[in-house]
Amino acid sequence: SPAPSPGNTKHEFSVDMTCEGCSNAVSRVLNKLGGVEFDIDLPNKKVCINSEHSVDILLETLEKTGKAVSYLGPK
């Protein structure tokens, strides 16, 4: 995969995902936002996002799924 550009930061979020459908919803909103690389860890209910977007924007985007979301910190 391409090396992250210097402006990118990895952020870890907790998202209350219970099934594939939940993780698909997360993928959908993040892909719609664009400019993100992300890994979804469904069993641990975590989403790791590598992006130039601010945490506020990422949180707002993840909240569009209707799930409980919290920011765990930079990774």
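View 1. Glu37 stands opposite Asn50 in S3. Phe38 stands opposite Ile49, also in S3. Strands S2 (residues 36-41) and S3 (residues 46-51) pair in the antiparallel sense over six bridges. Strands are DSSP runs of E, at least two residues, and helices are runs of H or I, at least four, numbered from the N terminus. Pairing needs at least two DSSP bridges between two strands. Four residues lie between the strands of this hairpin, and Lys45 takes a positive phi near 55 degrees. The model is predicted: local features need pLDDT of at least 70, side-chain atom pairs count only at pLDDT 80 or more, and totals for chains, interfaces and linings use all residues. Residues are numbered from 1 along each chain as its sequence is written, and side-chain values use heavy atoms, without hydrogens or water.

**View 2. Four strands form an open, antiparallel sheet.** The order is S2-S3-S1-S4. S2 and S4 (69-74) are the edges; each has a single partner strand, so one side of each lacks a neighbour in the sheet. The twist averages 25 degrees from one strand to the next. Axes are lines fitted to C-alpha atoms, for helices over the stretch in contact; angles run from 0 to 180 degrees between N-to-C directions.

**View 3. Helix H1 packs on the sheet.** H1 (residues 20-33) touches S1 (9-15), S2 and S3. Contact means heavy atoms within 4.5 Å. The direction of H1 makes about 170 degrees with that of S2.
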